Amino acid sequence: MPELPEVETTCRGIAPHIADRKVVSVIIRESRLRWPISPELEAGITGARVLGVRRRAKYILMETDCGTLMVHLGMSGSLRIMPAEAPALFHDHVDIVLDDLRCLRYHDPRRFGSMHWLSEASHPLLDHLGPEPLSTSFSGAYLYERSRRRSTSVKQFIMDGKVVVGVGNIYANEALFLAGIHPKRASGRVAAARYEALVGAIKDVLSSAIEQGGTTLRDFVGGDGQPGYFAQQLRVYGRQGRPCRVCQTALKEVRQGGRSTVFCRVCQR
DNA sequence: ATGACAACCTGTGGGC
DNA sequence: TGCCCACAGGTTGTCA
């Protein structure tokens with residue numbers, strides 16, 4: 001489910017509801033996430049006042065006056081505001097109960113997500129992340145420099161979190177199509193001007209997906225429970241075998257690093 | 001350093 | 001209808 005636009009949508013959805021609220025308790029029904037939830041989480045967050053919510057890569061950072069709750073949604077996670085008394089459903093693993101009879105409820109069937117309590121400003125998982133894709137430091141020149149003498153494919157290159165964060169499989173496919181670049185091309189052999197186009201495409205596709213409230217595949221819902229509407233604008237992802245929206249050629253599907261790649265062999269070189 | 005791949009899980013959809 | 005397999009939005013850790 002969640003790629004960067006979905007995580008951003010979640011942040012924006014929950015922020016107004018939790019700002020300035022106090023955490024009165026934590027209910028952990030299942031602590032076995034990608035990493036087990038540390039007992040320090042409950043001790044640290046109980047009684048804390050929420051200052052705000054921000055996002056770094058695909059991590060949601062809920063800052064309080066006592067420390068920071070760091071949440072990752074993995075492949076199937078979601079975080080929603082609910083009435084605290086709403087009955088918990090299967091896979092509703094954690095409730096952060098607030099002082100207004102509501103709670104922030106974490107749901108994650110596959111348990112690839114994670115929840116950490118940070119009493120300090122930093123965390124090892126945040127240490128080696130590349131730039132934010134929507135920041136000005138993420139530029140064509142930057143990608144060009146980083147890619148020189150690298151043989152890895154351009155798709156795997158832009159999906160590497162040490163290069164740039166937040167470009168997941170859906171949007172990598174979409175951005176490469178928009179930039180007209182073949183996903184299997186060696187990243188070290190993409191010209192500077194084409195990296196400019198690629199960076200523009202990544203920023204465009206991510207920002208318009210955020211504007212649409214994310215891409216809803218299966219059952220993604222934002223922090224307020226609303227679905228996203230970007231799926232109807234996908235150009236290649238999930239459209240293998242169907243005609244390219246530009247030249248009508250049947251879109252091709254290949255596999256890269258175990259992930260599905262869909263592209264147009266005519267429009268992308 | 002780089003790159004390929006297994007691993008962590010459950011749910012779902014397609015093929016038979 | 002039902003069973004089994006392959007695959008799904010992510011990321012880390014390991015090994016060559």
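The structure is a predicted model. Chain A comprises seven helices and 10 strands. Along the principal axes, the C-alpha atoms of chain A occupy a box of roughly 55 × 35 × 30 Å. The radius of gyration of chain A is 20 Å, which agrees with the value near 18 Å that a compact globule of 269 residues would have. Of the 269 residues in chain A, 51% are buried.

Arg194 lies in helix H7, which spans residues 192–211. The relative accessibility of Arg194 is 25%, so this residue counts as partly exposed, since that class lies between the limit of under 20% for buried residues and that of over 50% for exposed ones. Arg194 and Ile181 are 13 residues apart along the chain, and their C-alpha atoms are separated by 7.8 Å.

Arg269 is located in the segment that follows strand S10 (259–263). With a relative accessible area of 53%, Arg269 is exposed, because the class requires a value over 50%.

Definitions and conventions. Residues are numbered from 1 along each chain as its sequence is written. Chains are lettered from A and ligands numbered from 1 in the order in which they are written. This is a predicted model: local features need pLDDT of at least 70, side-chain atom pairs count only at pLDDT 80 or more; totals for chains, interfaces and linings use all residues. Side-chain values use heavy atoms; hydrogens and water are left out. Helices (H or I, at least four residues) and strands (E, at least two) are DSSP runs, numbered from the N terminus. Buried means under 20% relative accessible area, exposed over 50%, partly exposed in between (1.4 Å probe, protein chains only). The radius of gyration is taken over C-alpha atoms; the globule rule is 2.2 Å times the number of residues to the power 0.38.
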